[in-house]
Amino acid sequence: MEISKYMKAFLERNETKALIDSNSFETLYLSCYVWNRTELTKLLAKASINPLPYLYSIPMHFSDKNLDISIFKVPKNIMYIKERAFFGCKNLITLNFEDDSKLEGIDVYAFSGTGLSKITLPKSVIALAQYSFSDCNNLEHIDIESENLALSSHAFSGNNRLKEVKLPHLTILQPDVFSGSNIEKIYFKDSFDDVIKAIHNDREIDIKTTEDLLRYLDIKIDAKAYFEV
């Protein structure tokens, strides 16, 4: 791998070496320019250094467009997956989580454009940001195990193979969550009325029927919706 002049100078700094020696990888990533974090991740891997056990979040641009990644296991210490962390990793087909995961939030475009076909998120997750799992062309099934979830607009947009979704209790539900999908079945843990309570309207829409709700989420209105399952 060709190392940029900036990264070469960055790695040669005494401060950088001290951070690596002390396993202070959170500070190390924050010290590095955003567009070089992917390169830093690859360099650490090449040196057989695994920063993940020492991080509380997976940083922005941690490994975006790294086609070497096919399977990734999120350590239980990780609380947040930041913006574009795995953006464009087309060969990433399997995402697993360690037992007792502490993961709470997944940021914008974190897994956008990946090759995931199925997503099962742990109970600890409470927020999915806009476009967090958008444009995953192989994604067919979503199962979210959390008890409370804030679901932002377009979180799962552009997934044209998406057929089935299971949602937990929703605290926030924004519009167009599934824009561009071909969902056939969607399961809500809440009653229809409780789902409506979670909706934070930012545009004029009167939701009185299941068809109205599916239209709000940008799901074809002949899809099957199930409540309190």
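Colleague: How many of the ten residues of helix H4 (37–46) are buried?

Modeller: Helices (H or I, at least four residues) and strands (E, at least two) are DSSP runs numbered from the N terminus. Buried means under 20% relative accessible area, exposed over 50%, and partly exposed in between, with a 1.4 Å probe and protein chains only. In H4, Arg37, Thr38, Glu39, Leu40, Thr41, Leu43 and Leu44 are buried. H4 is thus mostly covered, and the number of buried residues among its ten is seven.

Colleague: What kind of model is this?

Modeller: Residues are numbered from 1 along each chain as its sequence is written, and side-chain values use heavy atoms, with hydrogens and water left out. Local features need pLDDT of at least 70, side-chain atom pairs count only at pLDDT 80 or more, and totals for chains, interfaces and linings use all residues; the model is predicted.

Colleague: Which helices are included in what covers the buried residues of H4?

Modeller: Packing is judged by contact, meaning heavy atoms within 4.5 Å. At the end of H4, Ser48 follows with a positive phi, near 60°. The cover over the buried residues of H4 includes H1, H2 and helix H3 (25–31).

Colleague: How are H1 (5–12) and H2 (14–21) oriented to each other?

Modeller: Phe10, Leu11 and Glu12 in H1 meet Asn14, Thr16 and Lys17 in H2. Axes are lines fitted to C-alpha atoms, for helices over the stretch in contact, and angles run from 0 to 180 degrees between N-to-C directions. The two axes come within 5 Å and cross at roughly 65°. Under 35 degrees counts as roughly parallel, over 145 as roughly antiparallel, 65 to 115 as roughly perpendicular and the rest as oblique, so H1 is, relative to H2, roughly perpendicular.

Colleague: Which elements do the buried residues of H6 pack against?

Modeller: H6 spans 210–217, and Asp212, Leu213, Leu214, Tyr216 and Leu217 are buried in it. After H6 comes Asp218, whose phi is positive, near 65°. The buried residues of H6 pack against strand E11 (170–173), strand E12 (185–188), helix H5 (192–197) and strand E13 (224–226).

Colleague: Is Phe178 buried or exposed?

Modeller: Phe178 lies in the loop between E11 and E12. Leaving aside neighbours within four places in sequence, its contacts include Ile142, Phe156, Leu217, Asp218 and Ile219. Because its relative accessibility is 0%, Phe178 counts as buried.

Colleague: What is the geometry of the Phe62 and Phe86 pair?

Modeller: Rings of Phe, Tyr and Trp (its six-membered ring) pair if their centres lie within 6.5 Å; planes under 30 degrees apart count as stacked, over 60 as edge-to-face and the rest as tilted. The structure holds 16 such pairs. With 6.1 Å centre to centre and 65° between the planes, the Phe62 and Phe86 pair is edge-to-face.

Colleague: How many residues apart in the chain are Phe62 and Phe86?

Modeller: Both Phe62 and Phe86 are buried. Phe62 is in the loop between strand E1 (57–58) and strand E2 (71–74), and Phe86 in the loop between strand E3 (80–81) and strand E4 (94–97); the number of residues apart is 24.

Colleague: What is the geometry of the Tyr187 and Tyr226 pair?

Modeller: Tyr187 counts as buried because its relative accessibility is 19%, whereas Tyr226, at 32%, counts as partly exposed. The centres are 4.9 Å apart with 15° between the planes, so by the cut-offs the pair is stacked.

Colleague: Which residue lies over the face of Tyr187?

Modeller: A charge sits over a ring if NZ of Lys or CZ of Arg is within 6 Å of the ring centre and within 35 degrees of the ring normal. Arg84 lies in this way over the face of Tyr109, at 4.7 Å from the ring centre. Over the face of Tyr187, at 6.0 Å from the ring centre, lies Lys166.
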